[in-house]
Amino acid sequence: MQYGFLKKWVEENQDQNLVFRAMQKYQDQYIIKFNKQKKQLQICLANDCFCFFTEKNILLFSDRNDLNQFNQNLEKSKLKKIDIATDDRIIILHFERINIYNQQESMQLILELIPRYQNVILVQKNQIIDCLRKISFAENTHRQVLPGVTYSEPPTDFIVQEKEIKYPLQFNEKLKLEKSESAGFSDMNSAFEALYYKGILHKKIEQFKKAKIKAVKKKLKQKERKIIKLKNELKDASKEEFWKQQAELLKANFSKIKTGMKSIKLTNYYENDFPEILIKLDEKKSSSQNVEYYFKKYRKARDGKVKIAQQIDLTETEIHDLEMEIIEIEESDALPDKEREKNKKSSSKTEKYKMLKVDENWEIYIGRTSRENDFLTTRLAKSHDWWFHTRIFRGTHVILRNLNKRELPDKMKLICCRLAAYYSKAKKSGNVPVDFTQIRYVRKPKGSAIGFVTYTNHKTLYVDPLSMRDAKNLI
């Protein structure tokens, strides 16, 4: 971050009277929390280092063992003043507290906001108590940064270029602060806060989502290739009657088959006019072996047809679930956090369908997967509830719980139809046909695939898709 911006922030926020409560971490972000205050000091140690006060609680900050010394030494101390070094991007937070001997003691939390060398160092009487990055002479012959060592500022050839800061400020596409010709921020803290939450974090989330969607799409392509292969196999398996007829014809003419024959012409009694049919034989096989070969092809086709059809149902379910996962990622503002993803995977078996409470009469439920669709439609929903699903597109089940058995309002009908269109293959289409009926008319055939149902007494509405996020604004 430019020195001038940091200095301006210090000038606008230098006098404080906040009591330290805890220091926590999330990736390359640190937060200092204060007693009885919503205001927190966030320290950004990413490539472009800066700090700002914020009341936002978006990031998943947590306690870390490597911050124990900071927390123990700064406990109940007051942040009295903020300074900046005259020759580099180093901000000093001055803390004071009364120790156990009823004496006042001072400490400095030094934020070295220097790209590639960023560090946070706790100093008392110019001696380092603890630091985030520990540096020995083996790593840097000019300067040690270790507990117990005297603190010295890093050697630098940085040249301070102070320019007059003119408001309003705004950040550009490259996430750099600049003078805005129109609307913008009139103080440095607001500019820093927006730069991080609306700029840096937003970009990070979008990159995270893009990587996740790419991984899901890779799986989706594999499943789509699999379904093409299975359908071709099903087409071959559908010849079961053809193989059975040839096997029966050979069996009926067993005495005519001789070893060494490559083919045989027989009368086909299974067709009208009894035409002749040429059946290929394996010249190396005996009569019984050739007959058994065709019966084997028949049995394989007969049994395979059922298994392949089951595999097609299963694969289509997996494709639907992956498509819904992509929609879920696109809608999500989830933070890129490995621990969060780990916990999500460990609890993936629990139902996490979407739910939107409208009022005391209505609740909307949307399944994310075929299994959740099945649960919502066959177990959660009651006979007087309403069921919505796209007619010709694969999609999720939308359930409108009718908690007090009311008549279906046109507004709720339209919103649910539009949600069903959004959470389907037709998400990017317009004028999507959506069927709706009451749950009492929805049936799950015995032995059918997960999420598969049939329905009657339905009506159809042609609508444009609507996301859950936008639906909340309409209700």
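**Salt bridges and surface charge**

Lys176 is partly exposed in the predicted model, with a relative accessible area of 45%. Its salt-bridge partner is Asp48, and the closest N and O atoms of the two are 3.9 Å apart. Asp48 is buried, at a relative accessible area of 17%. Because Asp48 lies in the loop between β3 (40–44) and β4 (50–54) and Lys176 in the loop between β10 (169–171) and β11 (177–179), the pair ties together parts that are 128 residues apart in sequence.

The structure holds 15 salt bridges. Another of these joins the side chains of Lys444 and Asp374, at 3.1 Å from N to O. Lys444 lies in the loop between β19 (442–443) and β20 (454–455) and Asp374 in helix α7, so this pair ties together parts that are 70 residues apart in sequence. Lys444 is partly exposed, with a relative accessible area of 34%, whereas Asp374 is buried, at 16%.

Helix α7 (residues 370–380) also contains Ser370. Ser370 is buried, with a relative accessible area of 6%, and its side chain makes a polar contact of 3.4 Å with that of His320.

A further salt bridge, 3.5 Å from N to O, is formed by the side chains of Asp410 and Lys413. Both residues lie in helix α8 (residues 410–422), three residues apart, about one turn of the helix. Asp410 is exposed, at 57% relative accessibility.

Lys217, Lys221, Arg225 and Lys428 form a positive surface patch. Of these, Lys221 is located in helix α3 (residues 188–237) and is exposed, with 52% relative accessibility.

Conventions
Residues are numbered from 1 along each chain as its sequence is written. This is a predicted model: local features need pLDDT of at least 70, side-chain atom pairs count only at pLDDT 80 or more; totals for chains, interfaces and linings use all residues. Side-chain values use heavy atoms; hydrogens and water are left out. Patches are made of residues with over 30% relative accessible area and no salt bridge: like charges are joined within 9 Å, nonpolar side chains (Val, Leu, Ile, Met, Phe, Trp, Tyr) within 5 Å. Accessible areas come from the Shrake-Rupley method with a 1.4 Å probe; for residues, only the protein chains shown count as cover. A salt bridge is a side-chain nitrogen of Lys or Arg within 4 Å of a carboxyl oxygen of Asp or Glu. Lys and Arg count as positive and Asp and Glu as negative; His and the chain ends are not counted. The place of a charge is taken as NZ of Lys, CZ of Arg, CG of Asp or CD of Glu. Helices (H or I, at least four residues) and strands (E, at least two) are DSSP runs, numbered from the N terminus. Buried means under 20% relative accessible area, exposed over 50%, partly exposed in between (1.4 Å probe, protein chains only). A polar contact is a pair of N or O atoms within 3.5 Å; within protein, one must be able to donate a hydrogen and the other to accept it, and residues adjacent in sequence count only if both atoms are side-chain atoms.
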